Amino acid sequence: MGSMTPEIRHGKVSLGDVTIAFREVGVPRGVPVVLLHAWGSTAGTWDGFAARMAACGRHVLALDLRGHGDSTWTGTYSLASMCDDVLGFLDHQGIDRVDLAGHSMGGAVAVLVAQRQPGRVRRLVVEDTPPPPETRPGEAVAPMAEPATPLPFDWRSFEPIITEMRTPDPGWWERLKAIRASTLLISGGPSSHVSPDALARTSGIIGDCRLVTVGEAGHRVHSLKPEEFWSVTAPFLCAEQ
């Protein structure tokens, strides 16, 4: 990348009762790359990756999803409301089409966006995101005491989001067929809690989809194995636009 690191610009967009904060890098041109973080994280987790994307000519926008970072902490949370926020953000910014990448919860939101508005997403990257169970709920979400130290996210988002991600949604699997984006699913391998078999089934339903496993990365692929993550995603996202 050289010694020059692209400048990260910070902004906020008001969407009615919710304000969405974002980080932006690169020159606005062409189809932008929009990045969505995992539960309990923020847009800043993508800074290193976003800088590399900008260096290969992409315009990158990383969002703080509601309840995280500098976006509004609403107290009530769902994947659908986060999907609404992403689409509202794109509408506000006048963005017709994106390349969309999400990690874990952010990947679940990205899939919802691609299901709901298939023509809006050109390329889709889903990083170690568990699909909903097919027939029965997964392990119940045990109540957890809020840590005493300040957090960069709203603790109240934990139970509704994790419960939703562990709850069967038969229609979700059928809606995968609506996705028209060229899709890259990334697995963190056997050290991740996300089932490779479930990701393989997901890959088989999406029309244009490739599943790649990044060795022993575990769940946090882009954070813990940044070079491996880059080697997988760069040819996909930095290809001719």
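**Reading the fold**

Colleague: Which residues does Glu216 touch, not counting residues up to four places away in sequence?

Modeller: Glu216 touches Gly188, Pro190, Ser191 and Lys225, where contact means heavy atoms within 4.5 Å. This is a predicted model, in which local features need pLDDT of at least 70, side-chain atom pairs count only at pLDDT 80 or more, and totals for chains, interfaces and linings use all residues. Residues are numbered from 1 along each chain as its sequence is written, and side-chain values use heavy atoms, with hydrogens and water left out.

Colleague: Where does Glu216 lie, and is Glu216 buried or exposed?

Modeller: Glu216 lies in the loop between β8 and α7 (221-224); helices (H or I, at least four residues) and strands (E, at least two) are DSSP runs, numbered from the N terminus. Glu216 has a relative accessible area of 54%, so Glu216 is exposed. The cut-offs, with a 1.4 Å probe and protein chains only, are under 20% for buried and over 50% for exposed, with partly exposed in between. Between the C-alpha atoms of Glu216 and Arg136, 80 residues apart along the chain, the separation is 28 Å.

Colleague: Next, the sheet. In what order do the strands come?

Modeller: Strands of a sheet pair through backbone hydrogen bonds, either parallel or antiparallel. Here 8 strands make an open, mixed sheet, ordered β1-β2-β4-β3-β5-β6-β7-β8; two strands pair if DSSP finds at least two bridges between them. β1 (9-15) and β8 (209-213) are at the edges with a single partner strand each, so one side of each has no neighbour in the sheet. From one strand to the next, the twist averages 20°.

Colleague: How do β1 and β2 run, and how many bridges join them?

Modeller: They run antiparallel, joined by 7 bridges, and Leu15 stands opposite Val18 in β2. The two strands form a hairpin with 2 residues between them, and Gly16 in the turn has a positive phi of about 70°. β2 also pairs with β4, in the antiparallel sense over 4 bridges, with Arg23 opposite Ala62 in β4. Of the 8 residues of β2, 6 are buried. At β8, by contrast, strand β7 (residues 182-187) pairs in the parallel sense over 5 bridges, and Thr183 has Cys209 as its bridge partner.

Colleague: Now helix packing: how do α1 and α8 cross?

Modeller: Two packed helices are described by the angle between their axes and the distance between the axes. For α1 (residues 47-55) and α8 (residues 226-237), the axes come within 11 Å and cross at roughly 40°. Axes are lines fitted to C-alpha atoms, for helices over the stretch in contact, and angles run from 0 to 180 degrees between N-to-C directions. On the α1 side, Phe49, Arg52 and Met53 meet α8 residues including Phe229, Trp230 and Leu237.

Colleague: Last, which residues have the most contacts inside the largest nonpolar core?

Modeller: Leu36, Leu63, Leu100 and Leu124 do, in a core of 41 residues. Such a core is a set of buried Ala, Val, Leu, Ile, Met, Phe, Trp, Tyr and Cys residues joined through side-chain atoms within 4.5 Å. Helix α3 (residues 105-116) gives the most to this core, with 8 residues.
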